[in-house]
Amino acid sequence: MPDPHMVVVIPCHDEPDLLTTLESLWRCHLPSSPVAVVVVINGAADDPPAVQEHNQQTWQSARTWINDHRHDHRTFHLLFEPQLPTRLAGVGTARKIGMDWALERFADPHKEDGLIVCLDADCQVAPNYLQALHGYAADHPHSPGCSIHFEHPWADLPTHHRQAIVQYELYLRYHVHGLRWSGFPHAFHTVGSSMAVRAAPYRQQGGMNRRKAGEDFYFLQKIIPLGGFRTLNTTTVFPSARASHRVPFGTGRAISDELSGHKDLGQISDPQLFHHLGQLFMRLEPLYHGEWQATLAGLPPPLQDFLNKQLWEARTEEMRANTGSLPAFRKRFFQGFNAFQILKYIHFATEQGCPKQPIAQATADLLTAMGVTLPAVACESLLECYRRLDRQEFWCVGQ
């Protein structure tokens with residue numbers, strides 16, 4: 001097989017049904033360029049014997065499956081890392097192993113635009129998945145990466161489980177659209193099973209991190225600000241809606257905590273907090289001109305307190321000293337006031353007098369603020385509305 005122009009990377013740890021994911025990729029329509037899929041079956045040195053045995057069984061069954069599924073332009077590969085050091089073992093390290101393996105396939109200078117695609121071992125994909133990714137890479141040659149449209153299947157789940165995944169995904173979409181409405185320029189989904197990056201920026205930004213959870217979020221905070229990052233909404237990834245304790249946070253843990261009563265997915269951040277952020281983002285020009293006190297006075301009290309506690313006056317002065325234009329200042333500002341900083345503000349303000357709201361009300365209020373006609377105010381209808389907005393690449397800047 002010729003060297004691939006696209007590599008799909010799948011971390012796999014104690015997974016019950018890897019072959020379903022591989023079958024989903026096998027059924028995909030082929031693009032014109034070669035595709036490689038690499039599965040990183042991984043475990044920690046101190047995994048329980050049952051997990052180690054399960055990983056071994058997955059390795060054997062995957063090898064058999066691959067031997068039965070050969071194609072000139074679509075190849076499947078296995079990397080077996082069952083004894084990773086405990087302090088490093090986890091999804092971040094597994095993604096890094098696979099993505100670095102992919103990078104080696106693009107070592108030729110003519111392959112710098114090769115695409116490294118992240119998927120998970122509990123996902124299925126639409127039949128046009130590979131073709132859509134190939135088309136994205138060809139149509140947007142200067143884009144460093146993309147977030148791929150995703151939808152958790154929920155129709156056949158028991159009532160409580162169904163409610164939990166609907167609320168969880170609704171929150172994810174609400175948060176991204178809230179960021180867009182605020183004027184934040186880097187508002188994209190950061191779901192590890194639904195993202196892709198080109199080889200050159202992957203290498204230039206130091207590759208994937210080794211975090212045990214949240215690796216996708218932190219990785220994309222290096223890629224999105226490069227400019228040209230996009231959403232690929234002409235295909236769909238279908239991540240599992242299952243509960244899981246394998247990571248400290250993320251979809252599986254959120255669902256597990258909701259089902260066990262340790263988390264309430266029915267309460268989310270107040271949409272007013274996005275309005276607060278918008279009030280700051282629309283005042284960057286006076287900040288650039290050194291009008292800190294006047295700018296601060298025009299902001300809501302929780303945001304004033306947050307900026308003072310986080311020493312943002314000194315930060316903006318440093319930015320002003322090292323930028324020669326408003327566009328340069330804006331770029332530098334959002335490198336500092338990034339998605340992680342926004343999450344810190346939302347948590348801070350929630351504790352300082354802006355309590356969480358019922359999810360149906362909060363997500364409906366944001367739709368109204370964005371000028372979107374409301375569906376029935378029920379979570380499933382609201383989720384379908386937000387999904388439709390994402391498929392349409394809807395991006396409303398309010399304020």
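Modeller: Let's start at the largest cavity: β6 gives the largest share of its lining, 3 residues. Keep in mind that this is a predicted model.

Biologist: How many cavities of 30 Å³ or more does a search of the whole structure find?

Modeller: The general idea first: rolling a probe the size of a water molecule over the atoms shows where empty space is left. Here the search turns up 1 cavity of 30 Å³ or more, and the space in the largest cavity is about 60 Å³.

Biologist: Which residues line the largest cavity?

Modeller: Ser 147, Ile 148, His 149, Arg 173, Arg 180, His 189, Thr 231 and Asp 390. Sorted by class, that lining has 1 nonpolar, 4 polar and 3 charged residues. Arg 180 also turns up elsewhere: its charged end sits over the ring of Phe 188, 5.8 Å from the ring centre.

Biologist: And ring pairs: how many aromatic pairs are there?

Modeller: The count is 23 aromatic pairs. Take Phe 184 and Phe 334: their ring centres are 5.8 Å apart and their planes are at 70°, so this pair is edge-to-face. Phe 184 is in the loop between α5 (159-182) and β7 (195-198), while Phe 334 is in helix α14 (residues 326-336), so the pair ties together parts 150 residues apart in sequence.

Biologist: Are Phe 184 and Phe 334 buried or exposed, and which cluster do they join?

Modeller: Both Phe 184 and Phe 334 are buried.

Note on methods: Residues numbered from 1 in each chain as written. Predicted model: local features only at pLDDT ≥ 70, side-chain atom pairs only at ≥ 80, totals over all residues. Heavy atoms only, no water. Phe/Tyr/Trp six-rings, centres within 6.5 Å; stacked < 30°, edge-to-face > 60°. Helix = DSSP H or I, 4+ residues; strand = E, 2+ residues; numbered from the N terminus. Buried < 20%, exposed > 50% of the residue type's maximum accessible area, 1.4 Å probe, protein only. Lys NZ or Arg CZ within 6 Å of the ring centre and 35° of its normal. 1 Å grid on protein atoms, 1.4 Å probe; cavity = no way out; pocket = protein on both sides within 12 Å on 5 of 7 lines; lining within 4 Å. Points joined across faces, edges and corners; volume = space filled by probe spheres on them. Nonpolar A, V, L, I, M, F, W, Y, C, P; charged D, E, K, R; others polar.
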